[in-house]
Amino acid sequence: MTTYPSASPTDPRFAPLTARPGKIVAVHLSYASRADQRGRRPAHPSYFLKPSSSLSGSGGTVERPAGTELLAFEGEVALVVGTSARRVAAQDAWDHVAFVTAANDLGLYDLRANDKGSNVRSKGGDGYTPLGPTLLDARDLDPSALRVRTWVNGELRQDDTTEGLIFPLAQIVADLSQHLTLEPGDIILTGTPAGSSVIVPGDVVEVEVDAPQTPGAPSTGRLVTTVTQGVHAFDGELGSLPAVDDTQRAEAWGSREAAGLVPEPEPFTLTPELRDKLERTPVAGLSAQLRKRGLDNVSIDGLQPMHPQAKVVGTARTLRFVPNREDLFASHGGGYNAQKRAFDAVGEGEVIVIEARGERGSGTLGDILALRAHARGAAGIVTDGGVRDHDAVAAVGIPVWSNGAHPAVLGRRHVPWDTDVTVACGGATVQPGDVLVGDRDGVVVIPPRLVEEVVDAALAQEEEDAWIAEQVAAGHPVDGLFPMNAAWRERYEAWRQR
């Protein structure tokens, strides 16, 4: 049997430890400042593992691999387990920690997307876990009063204390001990505060953990790591190659602005004022204004309103069906499937838009789901498939546009597949969040960025058309009036001024 010796105390990769740790466990997100920066705050801690081969000591180097751009530092408080811990209580957990030191949880965002959250490649590279340079005795320290600071080329980038943790250190130790045995020498990386960002070859990163409120202000000293440029590229025949997008750039740098990206536009909101304008605007008028802006393929065709006098205005919540295949219906058609999830999740003022490929040979909803949508405050339902229980659905009162009635259940033609994705309905592409407006003439899809411009232009055109109709009714010929020539335009503008 092959045996693996303990690390030598002189092995620089594992200094200042006296043995190679059995495992390194890292927390994904634990500081409030980092959570606020990311725009999400977890309810519970979550973790990933790093190999012990990623360790290095102070004064070492780390390579940014050839063909990559997003190597980021993360200064952290590292805990070294002293005695085995299995299912320990939070109040006893700190007794199982022997030492505290500084760590840099380096990560390569170029490799993060394909690791699906495991971080095996993005954070497991050689030298990606510098540790040290000094161990502090945990018995002398208050776990809620530790400070971590990080400098890049002498400039302070991170400065926070464990008082700012969402999950206290003792909770992290106790939680991990419910799932696995923490053994002597194991390392726990406890997360990084706000300020983590991208580093490039030539940069020098320093991390220090200290306890300024403790007598003597014990400190680990500065953990120093220099970034170098690697010469070895990844082989695409062996595995996926590095890939980055603006989302990864923004997360690696800390913000879109720091990454040099254009700030994201404010999310669209269908305000009560916009909704009121849209409810007063005929779909035909909106369609004409969209066509003037080069959008001809925004009509959902072939559908009829269940309530001819109804008007629907709302943002799209999408549901996609695929053609029925018996094995897929067995796996996706029963239980809490995509259809049920969509109707349970629809929000007030939203329109459920169903892609059914124009297939009229079965229902895509019935009275129970119509009741659920109505109870959730949905603005309406648009499907290019059929509707079961037609009269019962009509009695619910929610506006519905469909391809007609059919008595068969969903499984005759469809498998409910997914929700909140781009769909094709009645020959039109609909994305989640698009604005839908429907009346007796049909349903149109308006990109959110154009809503205000289009509805204002359509209302102005409606006013103009109403005036033209009055002139025609009064006996004026259409020629020169519709559309208006210069003389009629002058008369119209004078009328508007009055």
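Which residues in helix 12 meet which residues in helix 13?

1. Ala460, Glu463, Glu464, Trp467 and Gln471 in helix 12 meet Trp488, Arg489, Arg491, Tyr492, Trp495 and Arg496 in helix 13, contact being heavy atoms within 4.5 Å. These contact residues divide into five nonpolar, one polar and five charged (Ala, Val, Leu, Ile, Met, Phe, Trp, Tyr, Cys and Pro count as nonpolar, Asp, Glu, Lys and Arg as charged, and the others, Gly among them, as polar).

2. The model is predicted: local features need pLDDT of at least 70, side-chain atom pairs count only at pLDDT 80 or more, and totals for chains, interfaces and linings use all residues. Residues are numbered from 1 along each chain as its sequence is written, and side-chain values use heavy atoms, with hydrogens and water left out.

3. Helix 12 (residues 451–473) packs against helix 13 (residues 486–497) at an angle of about 110 degrees, and their axes are 12 Å apart. Helix 12 is therefore roughly perpendicular to helix 13 (angles of 65 to 115 degrees; under 35 is roughly parallel, over 145 roughly antiparallel and the rest oblique). Axes are lines fitted to C-alpha atoms, for helices over the stretch in contact, and angles run from 0 to 180 degrees between N-to-C directions. Helices (H or I, at least four residues) and strands (E, at least two) are DSSP runs, numbered from the N terminus.

4. Arg157 lies in strand 11 (residues 155–161). Arg157 counts as partly exposed because its relative accessibility is 31% (buried is under 20% relative accessible area, exposed over 50%, partly exposed in between, with a 1.4 Å probe and protein chains only). Leaving aside neighbours within four places in sequence, Arg157 is in contact with Phe73, Thr150, Trp151, Val152, Ala194, Gly195 and Ser197.
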